[in-house]
Structure formats: C-alpha cells, structure tokens
Amino acid sequence: MKLGPVIHQQIVQLKWHVLACLGLVMAMPLEEAVMNAWQGEGFYAGRLSLFIPIIAAPLLAGLIACANVQADLDDKRYLFWRSRPAGVKTFMSIKFLIGMVTALIIIACPFVFAFVTCQIVQTEKNEREFFVVIAVFQLISLLTYSVCFFCNVLIRKTARAWLVGMAAACLMMVLPFILPFHFKDIVGDVLVVTSAVYLSITIGSSALAFALSLVAADRNWHLHTNLKGLLWAGAAIVFLLAMLFSRQVANIKVLDEIKLESGWGWDAPFYRIDDRLYFHGRQEIQTSDGRIKVFEAADWFKTERSWTVNDHNRPDHSEQKLELRTYPALHAIYRRINGQLYAFALHIYSKRGMIEYKHAYLRSFKVLNDELFPVSTLDVSECLASEEDSFNRFAIRLIDDKIIAFVGNQCLSAAVNESGEIELLDREPLTRYHILQKDRNRIIQIPLIKTDTIDFQERIRFALDYTYKPSWIVGDSIVDIHNNTIRYYLVSDQDVARYEVLRWDDDYIYCRFQSARPFTFLEQLDRGRSLRLERYFIRNGKLYAHGMQKLMVFDVRSERIRKLGHWERLTDNFGITDMEVLEDGNLVMAVSTGWHQHTDGVHYATFTMYVLKNPE
Amino acid sequence: MFRQLLWKEWRENLWKLVFCGTVRVAFAALLFRIRLFPDAANGVIISFVQMLVVPVVYALDIFSGEMSNRTIHLLFKFPVPRWKIFFSKYLVCVLGMSLVFAATGLSMAIFGHEREAPTGLLVNNTLLFGVVAVILFTWFCAFAVQSRSEAGSLVAVFGVMIGWGIIFFWSLVCEVPWANHFTPYSIFFWAFREVPEWFRLSSLITSHIIALTAAIAVACYRFVKVRRVL
Amino acid sequence: MTDTAIEIKNLHFSYGRRKVLTGVNLNVPKGSIFGFLGRNGAGKTTLIKTLLGLQKSSAGTATILGMDCFAHALEVRKRIGYMAEDQQMYGWMTVGQIIRWVGAFYPNWDNAFTDRLVDMLRLSKQTKVRALSKGQNSSLALLLALGHHPELVILDDPTLGLDPIARKDFLRRVIDLLQSNGVTVFFSSHLLYEIEPVADHIAILDDGVIRKCGKTEMLRETVRKFIFTPKPEADLASLPGLLDLTVAGDNIAVTLEQCDAQTRHKIRELSQTAMEESALNLDEIFEACVIGNKTPAPQPAG
C-alpha cells in the first residue's frame, strides 16, 4: 500500500480537531502576551498563563487520540477500510504516530511561544525550568494519548472512551503508590519512586497501549453498544484501588477530637505526672475507650510553674541577682512513693544574663493539700566547672529510685529514700565526648557514664540518649533494649536508621549502623515544608517521631523497620505541639491550629486534641 | 407529553447519576478518611473537582449522542416544540447534577460531623460550587448543542472552560470587577466562607442569574435553530 | 374542507448556495396512494422535511390538510404519520416502552389499535428495540407512524434495506392497513416496481422540479413511444410533449407525453415509413422523464 495518500488522509482528517486544540492551548498565552504588550511590558507570555495549557495538555492529547481513532473506526468506516487490501497494523501505526506527533507538537506550542517571546523581550529567564516542564508534560500527554487511543479502539464512542482513558491514565500515575497491595509498608523497601520509575511507567504503558490497540484493531475487539457493565466494573476497580491507595496515605484513625483554647501561647506540651496527663500547665486530660475529656488541673499543678519561677526571689539569691534554671524545664519530675507524691528537680543558679554558674541544688518536694512543700535539698555546687574550664552539662533522669544527673563536669548518682529525701551516692567525672562521625560504615564510639548504682543497660541508655538527644533526656529514649540486644534509632531527612550496640568497656560504648528504612517518595514529598521530624522516641518497641505537621510510628522490633502509620497535614495552619502514648497504645496529640480573638479583644491560641488509634 | 420526554431523558442519563454519585461519595469518603487536608479544604477540593467533572460528564453526549445516533430525527418529527425537547434534556441533567451534589453534600456533612469544619461551611461550599457547575453546564450546552460528534462537543466544553478562564484572567489583571463577577470561576472568592456578606453575595447572585439566563437562552436558541444535522 | 391532502405551490429550497428544490408544484388528492418518485439526491427527502415543518422553504407555500406546514408545524405533525428511511430508534427501550412513549405525544393515540398492530406485525412488547431485525424495525416504525390514526401518512423510502420478500410483505401490510380507512398515503421511493402496483397517483421529481404528475393509469395511457424513420427535413424538436429521443440507424424512437390523435397525426407527417406505437411501463416512463430530458436531442443522420 502506498503510504503517501494514507498519511495525507490522516492529516486532513485531523485538521479541525488539531486547529481547535491549538486554539485552546494558545488562547491563554496569547492573551497574556497581548495584555503585557498593552501594559507596555512587551509582547511576551510568562509563567502565569502556562498554567492552563499545562492542565489542558494531557486532556487534549486524549481528545486528539479519540477523534483520531473515531474517524476511521466507527462501525461503517471500519468495514470500509478493512475491506481494502490495507495492512491493519501499518494503517494503525501511521494513524497512531501522526496523531501522537501532532498532539505533542500542539502541546509544545504554548511553551515554545512563551520561551521565544521571553527570549526576545529578555525577561523571566527560566530556561531549565522550561525544559523540565515541557518534558514532563510531553510524557504525561504521551501516556494519556496512548491510553485514550487504545480505549477508543475498544469502545468506539468518543466521549466514553475519553473518560475511561483519562481515568485509566490517572490510575497509572498513582500506580507506584498503590502497587504493593498486600502490605502497606513494603513500599519503603522495594520501591523508592524516582523519576526513572515514572519514565518507565509512562513510556512502558504507552508502548503497551499502542501494541494492544494494534491487536485490538486487527481482531476487531469492540465493546458493543452500551457500556454499563464496563463502567460499573471500572468504577468498582477504581474504588477498590482508591481504598487500597488510601491505606498508603491515610492518616492514623482519629478516635476522638476536642477543641481547646488557651491564653498561654503556643508552647503547649504534655506532662505526665504519676499516672495523670496534663496539658499546657492548665488542663488535665482523661481518656477512656478512645474518648477524651478535659478537666481543670489541680491547683498545685497550676501553681507549680510559679513556684519554680519565683524561687529565685528567695532572699539569699535574689540579692545577688541570680537567675534560676530548672531541669527539667518548666515542670519537675514526679514520683509516687508509698502513696505520697513527690517532685524532684535540679536547680542551677547563674549570674543574670551570663554563663557563669554559681549554685546547683538537687531538690525534692512533697505534694500535700494542693501545695508543694520542700523535703530536702542537696547542694551539689562543687560539681560546677570552674570559669576557665567551661565544660558544663546539665541533665536529670529518675531511674527506679535513683537519680542520675549531670551537673557541670560530673555525673552524680543519688538515691531517693522512702520519705522522699535525696542522698548522694557517688560522683564521677564526665568523659568529654568527640564529635560524632557520620560515616555509617565505621564503628561509632560513644562515652559511657561511670556509675555503678544503676545496671549497665540503663547506663548505656542514658549515655546514648544524652549523646544524641540531650534536650529530651528526661522522659524520652531513643534506645530499645529487647532480648538482650541494645539498639538505638536515629531519624534523619532521608531515613530511619537503626544502630546496634556491639560491645562496651569502662569508657566507651561501641556501636555500628545496622540498617535503615528510607522514606518513600510520598513521605519525602513535603521535605520542603516544615515537616522535619524533630522529636522522636521509643516506647514499647515502637518509634514515634513527629514534626510540626507530621507524625510517624514505626515498628522497630521486627526484622525490618516497618511503618505502622502516620498522621500528616498539608496545611500551614497546623502545628503538632506534643504527643504522648497512653497505656493502651493509643496516642494523644495536641495540635495548635491558630489564634482566635475573643469579644474582649484577647487573643487565644486554639488547639485541637486528638486521640489516635494505636497503630499496629 | 413533557412527562414522557422527561422519563426518556431520565432513563438515558440514569447511569450518569449513579456513576457520578457513587464516584463522588467515594471520593469524599476517601478524602475525609485519609485526612491529609483539613476538612474545610477537603470540602473545597471535593466541590471543585465536582464542579468541573460532573458537568463535563453530563454535557458530553447529551446532544451529540442523539445526533451521532440519528435518533434526534425521531424526536424532531413528533408534534412537540423543540424548546420542550431542549428543556426536557436540560432539566433532567440539572436535576441529576443537583442530586449528585446533594449526595456529596450530605456525605460530607456525615463524614465531617463534629469534626474540624462546621457542617454549614461544607454544605455551603457544595451549594455554591453546585450552582456554578449548573452555570458551566449550561454554557457547555450552549456551545456543544450543535456538535454532531462527541469529539466536537468535547472541544466545545474545553473551549467554554478556557474561554471563561480568559475572561477571568483579563478581569483580574485589568481590574474589571464586574466582568469577574460574571465568570463562574469567581466562586473561588467565596470558598471557605460560612456566611458571605450580604451585599457582595447579592451582587454575586444577580450576576450569576444573568449569566445563567443568558446561557440558557443561547443554548435553547441554538438547539431550536439546529439545521445542519437534518 | 379541501379535497387535497397536500398542496405545494412554487416551492423553493436551498442549502446555502446549492439549490435543491426549484419551484415544485404538487397536489395530492385526499384518499389517494401517491407515489413520489425520484432518483437519489433528487430532493425527495428535502421536500418531505419541508412538509413536516422541519425546515423553512425559501419561497413558495406548502400546505397539508389546509394548514401551512411551517407555521402550523405542530398541528400538522399531530395529524400525519411519518416514517423515515432507515429509522433509528432508542435501542435501550423495549417495544412496549417505545409505543407508550411515542403515544404520549399524540392526543388521539389508540392503544387498542397499536396492540392489535403489535400482534399483526408479529412483534413482542418485551423485546428491546436494538434486538430487532431490519424488517421488524420497519414494522415498528410503521406502527409508530399509524398509532394515532393519521389522516395522511408520509412514508419516506420505508423499505430501504429490506430484502425483496420482506419488502413485499411490508407493502401488502401498508395497503391492508391504510386503504380501507381512506387514509392518504404519500409514498416516496426510487424503486418503481414497488410503487407501480400500489400507487394510484404518481409524481416524478428530478433536479428540483416535478417532471411528471398524474394518475398512474393516465400516465400509462398518455405516455407513448413511437418508432419511425423521419423525413430528412423533419423538425423533431417541434413535437409536443417530447420526453425522450433515441436514434438507431435510420430509425428514431421518441417518447411523448399526452399523446392524442393530433400527436399521432403529426408524427405520421414527419415519418417516411409506417410508425410503430407502443405503451410504456412505469419504469420506462420514469427513465424517459429523468434521463431523456438531460441528453440533448440528437439530430437524425442525414
């Protein structure tokens, strides 16, 4: 068969659709150019008006495909050209290629126009971006074109084929996120979606669609008459896939939520005191069966802040104008001993506005009748480093009935007796630790604290926590001790890394990187936003990590680190202030959601408190 | 007689209602379940996608389908004025779309019950975007009413979308607020508001009623005058 | 009340610049079966669409049952039945549904009658329209055209695409159903043998004008063919009502309309020898009217 006349016929046949599509994609850029010229900036189209062609391009490519097929494959015409000695595959290939080239040229037109006019007027130089955008949309359009082409060969009704084709193409674009159907986290290990994967998906499925359309045209596959069945089947598949897809992206289920207001500002952490949970220094949170209730906190708790803050007004220190720092910050450590609630804290006094430490005390208090009474004070001021040697470290943690504290350059160990009094047990100098090396192939050396009053596991835990997360030392740990193996976990922008403690001696712990669970494409999509996972800790074999707009939970005890669930919010007006794990594994998460002005003109921070289902 | 015309259109377009309704409710369920966005934003996303997709599905083959099947000949030889035929099609589609929107609005009200966004906001957004969808649909009809092929009506539909985009863009850049009020896309200025201020709302309603009436008139006139299909 | 069912006076119609009807004049008497002949593309369907008020003529008038076709299109459509060539119907409806649906458009729809017709035409009310064969499809279209007892039935190439047996079957039914009721039938076709046995009036449309119109019997009697050898000086173009002229050696054959004694006398004058006279069938009349007209009259040899 002579190709010339066939090609000519194909081009002439497509003429009107091509012109119409060209008009549609060029309308906005032309308009912008005219308006720019009108306003005296020169005749050029910038980025703004390319928005419409970008969205419309894949849709129009599909339309050209459908119009192209329908012109020769509607019932009577199909018979007409099949009754001639024309090779079906050659004919369809020519058809496909001509349509494709035309579609891609049309789609490129507005970009080329914008590029050329920008070059001439010499404004908005964005060459690299320009080429990336054009390449990406050519690819997506190629996909929609091929899929619609195939759909119309099968369906032979333009509108329906177009709808089905678009739906199918959309599905292919989200396929990488859905593919590992059977298990929601395998994606983390086997498929880190990159542009290469997308490239292969678009080109692969386009080629497949093309091959299938040749076969379908050759064998005259034709979904006759009405397509109710097909549509229902398609809808069912889409629904099913969407549900599967939603498992990948769905947030952890919310069991309950409640709105709160506070005049205390943004910084709103939880406090766990004994077995009770307090929020923001004001409210007591109670949860049962996933429901949340908020009460006014007891008076002693509300005044506790003022107690610590006002302490420096004591005559002896206020005269010297000393400033008080408390460890832990804001609130003390609480422990119930023989039915009586005690509070413990490390108080450091320094010259106001200077890093010059004067006094250090370990103190304990008794909670009685909604008030706090001092029980004992242990003066540990001699641990503070001299002014020349500025090596000062401060930390405190209560382990069983022992207090382990870093004061200055010493590691203290103190016992808490049954009446809440503190007795010093021993004192060892702290090892100055090195800068941590980042090379994952080498063994990491971490200084071990020297005290015999607690068991070695807790010593290691304290050392590791202090090395990596000194600011969260009071309650949080990044160490998981299970079946006599000690591992710790670090969360970075790229992955969750697992390190194993190999051995230890009197001075150092030796650790090695073991494995990592990289974040997937979807999990990394928002890296540009304020979604870094700043805080993370291990509780009951699970790693909880959260940033301002994202919370993730991982199972770390299994062979491979698995994601159990996440909570993520893609808006600015949303900041996770704190979270806490409840006894039943459910989570409480506090989120600040903005400001609210009352009628009296006072601004209140608004919070939403969520109870999230235990991710398993 | 008109009832019978409505019956026929209803039967022919029933699949669209069921299809769009199911897909929309499923989409709403999905977004409200995964909670990637705040509920108020979910509401706008759902309503917006719906505003663009549902009228396209309805407008694609409502006229061109009958013309390419040649069943329009049967309709035209009945002793019924053509405007009645037009309105039977138009009204059934508007009714179908309203039901789809009602289903979406209801499902959002249920899914978002006692959550972040007030139910009123979600329902209001569905309503506003629904009205715009009807206006867009009418313009689609006005331009697609004489196309003989479905591809032609698709081109017309895109043409309307982009045409309004051009007017919207122009009215924004050149600061012509009255023109901007007439474009269906001006609805974006009204999203996220539970109760828009009365004055601006009234001007919006007036301009949209004018736009809708004009669209109906153009569509009906073009349908009555359709000649080349014969 | 007038005696004509359809009356067309000097009707013109054009699609843009292309003129399709150029001054059509036609009278269809009431109660007749009117055969409307024309080649493909002669303008038959255009004329029918004008009659149905689907399009407005550019000049001239067309009235049906005393009403203007375009001005009173709805009233006209209520009183006539129309069956199009290759009628497309809604495939998803069942026969019963489409009958009920179409019935809604006519105030005097007769359900009992259509039920009888369904039985007679051997249709099943439960069948979907898309499952019908071509013959059944035509039967259904006929039924839908007759359900409201129209005073005039317009059949536009109703048998298009049917096989000969189905076609005969169909025509027999049409005659059975209609003739007894005194209904006027306007029957358009390009198949002459189809019309010949049934039509009592005939019009031939060609190139936008009516070439011939009259009672079938009259046509058969008055259109005659003469074969003779003309005298050398004979002016054949002066023959009245000349439709066709062919030359075969010395002999020529002329077809003349409205032959009477005078015509025969004139031919005898022109002829050298004795002339042969023969009657024509409808096929030949049509051919003479349509083709003969286009070829310029050849001058006889010598």
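Which hand does the crossing of α6(B) and α7(B) have, left or right? The crossing of these two helices is right-handed. The structure is a predicted model.

**Helices α6 and α7 of chain B**

- Helix α6 of chain B spans residues 119-144 and helix α7 of chain B spans residues 150-173.
- Their axes come within 8 Å of each other and cross at roughly 130°.
- That angle makes α6(B) oblique to α7(B).
- On the α6(B) side, the residues that meet α7(B) are B:W139, B:F140, B:F143 and B:A144. On the α7(B) side, their counterparts are B:S153, B:A156, B:V157, B:G159 and B:V160.
- By class, the residues of this contact between α6(B) and α7(B) are seven nonpolar, two polar and no charged.

**Helices α2 and α7 of chain B**

- Helix α7(B) also packs with α2(B), at an angle of about 145° and with the axes 10 Å apart.
- The crossing of α2(B) and α7(B) is right-handed.
- From α2(B), the residues B:V56, B:A59 and B:L60 take part. They meet B:E150, B:S153, B:L154 and B:V157 of α7(B).
- The contact of α2(B) with α7(B) consists of five nonpolar residues, one polar and one charged.
- B:S153 and B:V157 are listed in the contact of α7(B) with α6(B), and B:S153 and B:V157 are listed in the contact with α2(B) as well.

**Where chain B touches chain A**

- In this contact, 30 residues of chain B meet 33 residues of chain A.
- Three helices of chain B, α1 (2-34), α2 (39-60) and α7, each supply at least two residues of the side that touches chain A.
- Helix α7(B) gives the most to that side, with 12 residues.
- The side of chain B that touches chain A has 21 nonpolar, four polar and five charged residues.

- Strand β17 of chain A (residues 485-491) runs antiparallel to strand β18 of chain A (residues 495-504), and five bridges join them.
- β17(A) and β18(A) form a hairpin, with three residues between the strands.
- Strand β19 of chain A (residues 508-518) is joined to β18(A) by nine bridges, and these two strands run antiparallel.
- A hairpin through three residues connects β18(A) to β19(A).
- Which residue of β18(A) is the bridge partner of A:R487? The partner is A:E500.
- A:E500 also stands opposite A:R512 in β19(A).

**The sheet β20-β21-β22-β23 of chain A**

- Four strands of chain A form an open sheet in the order β20-β21-β22-β23, with antiparallel pairing.
- β20 (535-539) and β23 (562-568) of chain A stand at the edges with a single partner strand each, so one side of each has no neighbour in the sheet.
- Neighbouring strands of this sheet are turned against each other by 15° on average, direction ignored.
- Within the sheet, β20(A) is joined by five bridges to β21 of chain A (residues 542-546), and the two strands run antiparallel.
- A:R535 has A:H546 in β21(A) as its bridge partner.

**The six-stranded sheet of chain C**

- Six strands of chain C make an open sheet in the order β6-β7-β8-β3-β9-β10, and the pairing is mixed.
- The edge strands are β6 (80-83) and β10 (209-215) of chain C, each of which pairs on one side only.
- From one strand to the next, the twist averages 15°.
- Strands β3 (residues 33-38) and β8 (residues 184-189) of chain C run parallel and are joined by five bridges.
- In this pair, C:F36 stands opposite C:S188 in β8(C).
- Helix α5 of chain C (residues 134-146) lies across β6 and β7 (152-156) of chain C and runs at about 165° to β6(C).

**The two domains of chain C**

- Chain C is divided into domain 1 (4-217) and domain 2 (223-292).
- The C-alpha centres of these two domains of chain C lie 36 Å apart.
- Domain 1 of chain C gives eight residues to the contact and domain 2 of chain C gives five residues.
- In domain 1 of chain C, β9 (201-206) and β10 are the elements that give two or more residues to the side touching domain 2.
- That side of domain 1 of chain C has three nonpolar, no polar and five charged residues.

Key
Residues numbered from 1 in each chain as written. Chains lettered and ligands numbered in written order. Predicted model: local features only at pLDDT ≥ 70, side-chain atom pairs only at ≥ 80, totals over all residues. Axes fitted to C-alpha atoms, helices over the stretch in contact; angles between N-to-C directions. Parallel < 35°, antiparallel > 145°, perpendicular 65-115°, else oblique. Left-handed = near helix turned anticlockwise from the far one by under 90°. Contact = placed C-beta atoms within 7 Å. Nonpolar A, V, L, I, M, F, W, Y, C, P; charged D, E, K, R; others polar. Pairing = 2+ DSSP bridges. Domains from an automatic or database assignment.
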